Amino acid sequence: MSTKEESRGTLSSTDFGVAASAFILNWNTICSSFPQWTWVLSHHQVEGYLSLENILLSSTQEEHGELSFPGPGKHSHQEDPIDVDDATLVHINPCKVHYYDLHIIYCNSYRVPVLYFRAYDNDGEPLECDEIEKDLPAYSKKALSDSKWTFITQEEHPYLNRPWYKLHPCGTSEWMKLLFHADDDALAKTGVAIELYLVAWLSVVGLVVGLRIPFEMMKQL
Amino acid sequence: MASESIVVFAQFQSAVDEGFWHRFSSLKLNKLGIDDSPIPITGFYAPCSHPQVSNHLTLLAESLPSESNEQSSTAATSGGNRNRCPVPGILYNTNTIESFHALDKKSLLKAEAKKIWDDIHTGKAVEDSAVLSRFLLISFADLKKWTFHYWFAFPALVLDPPATLVDLRRASQYFSLEEAKSVSAACNEWRNSSLTADVPFFLVCVDPNSLATVKHIKDWETCQSDGNKLLFGFYDPCHLPNNPGWPLRNFLALISVRWNLKSVRFLCYRENRGFADLGLSLVGEALITVPQGRAAKTGNGLGWRDHQCLPNAVGWEQNKGRQVSRCISLAKSMDPTRLAISAADLNLKLMRWRALPSLNLNALSSMKCLLLGAGTLGCQVARMLMAWGVRKITLVDNGRVAMSNPLRQSLYTLDDCLNGGEYKATAAVKSLGRIFPAVDAEGVVMAIPMPGHPVPSQEEDNVLEDCRRLHDLVDSHDAVFLLTDTRESRWLPTLLCANTNKITITAALGFDSFLVMRHGAGPFSSNDERQRLGCYFCSDVVAPIDSTANRTLDQQCTVTRPGLAPIASALAVELLVGILHHPQGIFADGELANSSNSGSCEQPLGVLPHQIRGSLSQFSQMTLVGQSSNSCTACSSTVVSEYQERGMEFIIQAINHPTYLEDLTGLTELMKSASSFQLDWDNDDDDDDCIEI
């Protein structure tokens, strides 16, 4: 990674690829009991992104019951009795479960990684921003409201063409600059700046969505 | 035996990723149309991976056959993905909600059950065991409201009498330590090989030395040796400790038909964090007692082995214990209008977050703007307002779109000019709606009554009506833009705005110069005596007259340098935003650019001028301040109080006799006394040279 980029807190698209490979290796080794990150290629097979999907979060929110089923006249139709036999157990999950998908995608215009995420319940129905915020731990909510570097916006996913939430990248290079400048010489000597970029980046960004980086990974920074 | 109970299977649960609905909507809109023939789809599931939550049969975008012209969203789900075991299914989508409810669910279920039954008898299920979990989905996709009604069925062949459960316990309690280790290792190997990772039914063979191997179910014969423990394993999506998952139902049916076993030892394979978890997995023994007595009916002694004798089937998914379909609304993520709105809001919010924290987006979106004139200035002002988040816009214009208009008037295209031309007000509103569907725009086709254009008596009622209408329009809006093409047409609106103290912005164009200004507050707007800023007419020494008659053709036609209108319109809107964010609003003093006035540094949007005059020939621009004139024909207290007292009668009089206004305001006197001094009046009437657009 050129020192020029480093001093700006940004990284090139090739460096992102390098950083991502190192990150996956690191994570999957150190955090083998955690869900694993994978590298997904875009449909052009040229660009790719990091993906961590189906993270299960037991929500503390109550079952919303009727609210989960929008649509007019949903229960007004009298259904014919359907055959159910004694050998069928119908169980209802006691806790409301939310699933999260996280993608780390390189942004060409800001030259930094961006965290995209979405949440949905066990029916597959997407969650709204305010419902997601309820899932976040207290320190994330604080980070979101206090910091001028971090805010959640909803934009089209660059590859999946559907709206996903993302942490807007406009402040990223600013605070990455601070992180890297803190230990310039050390990094220059070890020459592992690129590899650690994503760990450093995720250690900040992850906080906002309540994703804690295991300590073992942070030790390298 | 009394202590035995039947095996109670936990029903499969469905989960549909919104990507599936997105893809399906696209398929329906682009390819299928009203074709409602069944569509083959693929579901995906994986063994349970969490002690408290069951896994689901999931539908993703990839579940649908690909459209030829659509880009595949992610890497193709090639075989061997351990988290996505493919299962064949079929989708029946109807075109109306009525036909959705009218579908014959019994026979649809029976048809799919028959496919499973056939696959069992032909041996296909042994080769490709995933077909045992074949499923059915019925749906109605409402592509206007972006809601999707759907219902899954997981057909299960009913054993009659049902299988009884002899034993069910945790796998770790069934196997010895050594066996458990070997079984785990063998299962992990099976799960890690891309050849077998997504094969959901298998055999576990444990030899007397506690060595376990996992095999394809088609290799059943090779596992038949004494001393070997044989278990029928399957990926179990269910997490419950006392119930096996749904796939076991058809597995038992297969085992009974193909190998005629009465006692079946099975392994409900479940995982944790990517590895076999024998604490979560279950091992059980089931007794199948499907009587051959059934043969009495068919007369061939085969019972279940009779291919022709299709057993009953169950499997429609219960919805929270009720037998109803499910419904999901994806309007927020699919309705283009909603997406446009949130994108527009995002843009403004970014401005606020990053650069201008005091930006008052609520004030902008709730402000009602009245645009008098839908020409070069009107079109540009409307667009700029929308860019700032203003949603309520009314345009007033009595003209039709002419062939030369689309070039300079940015809301119109050639289509609007055809057949004599659409009314500008109407065409403009349509155009705004095409740019941003959530705009609340209204068009009013109306002429503005003007002094100097006397009204014939038969027209008087119409003109009065127009005046009243204009009065009401001004009343019902928060800001008024005067964007017409003559000076005199601005008189009545100025008066009405002064009367109601509305924010008023005037833009006027010369050939290569422009004026953009905000009118001061009305004469009766506040109690203090401070000087008000002037209006467009305050510096006039003559009342507005007919400026269009007796002019040469080029002076009548709207001839200005094209760059002027966009510049002036943009400044007019920015001026409005400035007023909106100034603590004193319409009462704000006029500031000058580049002044050392400390007030300008406090306002985040910068200086708030009174007048901006610019020249393209110089590429220059300057700000000016003008105070109101007591003799103003439009905003002076004399004139406004006359209007308040006599209303329309006064207006008509002013329209028909322009010198009346001069008399009223004392301009006549002023002129008389001035000329009596024999001074050389520097005829400062560049306004007269302006031919406004």
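In this predicted model, Glu285(B) is buried, because its relative accessible area of 16% is under 20%. Glu285(B) forms a salt bridge with Arg265(B), and the closest N and O atoms are 2.8 Å apart. This pair links distant parts of the chain, since Glu285(B) belongs to strand E16 of chain B and Arg265(B) to strand E13 of chain B, 20 residues apart. Arg265(B), at 22% relative accessibility, counts as partly exposed.

Side chains of opposite charge can pair when their charged atoms come close.

| Salt bridge | N to O distance |
|---|---|
| Glu285(B) and Arg265(B) | 2.8 Å |
| Glu271(B) and Arg191(B) | 2.6 Å |
| Lys218(B) and Glu127(B) | 3.9 Å |

Glu271(B) is buried, with a relative accessible area of 4%, and Arg191(B) is buried as well, with 1%. Glu127(B), by contrast, counts as exposed at 53% relative accessibility, while Lys218(B) counts as partly exposed at 39%.

The strands E16 and E13 also take part in an open sheet of seven strands in chain B, which has mixed pairing and the order E1-E9-E16-E13-E12-E10-E11. Strands E1 (5-6) and E11 (212-215) of chain B stand at the edges with a single partner strand each, so one side of each is left without a neighbour in the sheet. Within chain B, strand E9 (residues 164-170) pairs with strand E16 (residues 282-287) in the antiparallel sense over six bridges. Helix H7 (residues 247-259) of chain B lies across E10, E12, E13 and E16 of chain B, and runs at about 140 degrees to E12(B).

Key. Residues are numbered from 1 along each chain as its sequence is written. Chains are lettered from A and ligands numbered from 1 in the order in which they are written. This is a predicted model: local features need pLDDT of at least 70, side-chain atom pairs count only at pLDDT 80 or more; totals for chains, interfaces and linings use all residues. Side-chain values use heavy atoms; hydrogens and water are left out. Two strands pair if DSSP finds at least two bridges between them. Helices (H or I, at least four residues) and strands (E, at least two) are DSSP runs, numbered from the N terminus. Contact means heavy atoms within 4.5 Å. Axes are lines fitted to C-alpha atoms, for helices over the stretch in contact, and angles run from 0 to 180 degrees between N-to-C directions. A salt bridge is a side-chain nitrogen of Lys or Arg within 4 Å of a carboxyl oxygen of Asp or Glu. Buried means under 20% relative accessible area, exposed over 50%, partly exposed in between (1.4 Å probe, protein chains only).
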